[in-house]
Amino acid sequence: MKHLPKHLRPRWRYLAAELESWPDAAIDRRAFQRELWYAGQNLLGDPGSADADLSVVRFDFGDGTGKTVIKVRHGETESARAALACIDRIDGSPVGIRVAGISGTIRAAEEKFLGKRGQVPSERNVVFENAERVAVGRNGSADIRLDDAFVGATDLDLV
Amino acid sequence: MYEGVHARPDGESTVARLAKTAAEYGFDGVVVRNHDDSRSEFDADEITAEYGVDVVEGIEVRADAPEQASGSVGNYRSSTTILAVHGGTNAMNRFAVENEKVDVLAHPMAGSGDINHVLVKAALKNGVRLEFNLGDVLRESGGRRVRTIQSLRKLREIVDYYGAPYVVSADPRSHLEFRGPRELRALGDQLGISPEWIETGLEEWKELAERNREIQSDSFIEPGVKRGRYEEES
């Protein structure tokens, strides 16, 4: 079909968001998109989520952190933000989500808000609460592996 | 804006990690309100110096009955900056709002707890902040979430009518459960709560901490009276 003239095309905003989880989490784009749509539907209802659109256009996740760009209809950014905040876990892994910024183009969203790559996480042996543990860390944070779970800590907790 | 958090062993992250995350999410401080049976040991000054986030020592007194809680409140009042009571039953809600030593009544609507005009008036009189806990809105789904939203609305209507003090929190128990202030404002907007209202509730933690620190400082004698710079130690 012939594409729409420019003034009739919907205008989009792009939400750049950062994701965080435990080091052993594996989250793919499909799972994230599914959870985002569920969250949108549960919070905003069918009409609200149809208005917001909420398509994932960029997604990258590995080693417990990730970044994503989400397409939202102009004027619906606040409801999209609320829906995004309600994503609690993806495929059983708890996730932290933070909107880094909003832009009018995908490229600007990526360059302005998701530019810097974090350090590659490193594993090391640490002493935490008087026991020897393995910690996975980057940028001063450390996720310490206990017998059946992780603990979020920082370099301050490790001596 | 401050956030009231539960640190390890109550939650899954250490105080330092929660403070670091709070800084990344744009909060100015965290109130560590572990339950009294699982307190966390930390050096607030060291963490504040490292991450630039104010770390407030708090406690959430959890008890089955008011008699038991009363002792704990007396014990912890002088050693902690912010004292909260774990609400969620009618007896504990009533105990908290009628006790002027209590700063915050946490999650009054959780479980079987309920609030009415009598309790809100008592909270206003005694300066007890009622907490709007957004945790279940963020992390639950289905019927439980619907009931949580209903109860928050009821609480807000009564609190609004009497102008009672309140605090807002997402109640994170790990660094992954943090949500930024703008996200909470956007969520409030969806629930029919104005963004300014949410912001006031997040700021209230800070005002509470500043007030209590002043009261607990050595120069404070009683309201309006404090040791001035001309006082000589004898």
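Domain bounds here come from an automatic or database domain assignment. On that basis, chain A is divided into domain 1 (11-113) and domain 2 (122-157), and the C-alpha centres of these two domains of chain A lie 28 Å apart. This is a predicted model, in which local features need pLDDT of at least 70, side-chain atom pairs count only at pLDDT 80 or more, and totals for chains, interfaces and linings use all residues. Residues are numbered from 1 along each chain as its sequence is written, while chains are lettered from A and ligands numbered from 1 in the order in which they are written.

**Chain A: overall form**

- Three helices and 10 strands make up the elements of chain A, where helices (H or I, at least four residues) and strands (E, at least two) are DSSP runs numbered from the N terminus.
- Along the sequence, the elements of chain A follow the pattern β-α-β-β-α-β-β-β-α-β-β-β-β.
- A box of roughly 65 × 30 × 25 Å, taken along the principal axes, holds the C-alpha atoms of chain A.

**Helix packing in chain A**

- Helix H1 (residues 29-52) and helix H2 (residues 77-85) of chain A pack at an angle of about 160°, with their axes 8 Å apart; axes are lines fitted to C-alpha atoms, for helices over the stretch in contact, and angles run from 0 to 180 degrees between N-to-C directions.
- H1(A) and H2(A) are therefore roughly antiparallel to each other, a term for angles over 145 degrees.
- Residues that make this contact include Leu36(A), Gly40(A) and Leu44(A) of H1(A) and Ser79(A), Ala80(A) and Ala83(A) of H2(A); two residues are in contact if their C-beta atoms, placed from the backbone, lie within 7 Å.

**Nonpolar core**

- The largest nonpolar core has 106 residues, of which Leu15(A), Ala83(A), Ala19(B), Val30(B) and Leu105(B) touch the most other members.
- This core draws at least three residues from each of domain 1 (11-113) and domain 2 (122-157) of chain A.
- Such a core is a set of buried Ala, Val, Leu, Ile, Met, Phe, Trp, Tyr and Cys residues joined through C-beta atoms within 7 Å, and buried means that 20 or more other C-beta atoms lie within 10 Å of the residue's own.
- Leaving aside neighbours within four places in sequence, Leu105(B) has contacts that include Val85(B), Val97(B), Val128(B) and Leu130(B).

**Interface between chains A and B**

- In the interface, 26 residues of chain A are in contact with 26 residues of chain B.
- On the side of chain A that touches chain B, two or more residues come from each of H1, H2, strand S6 (96-103) and strand S10 (150-154) of chain A.
- H2(A) gives the most to that side, with five residues.

Conventions: Buried ≥ 20, exposed ≤ 12 C-beta atoms within 10 Å, placed from the backbone. Parallel < 35°, antiparallel > 145°, perpendicular 65-115°, else oblique.
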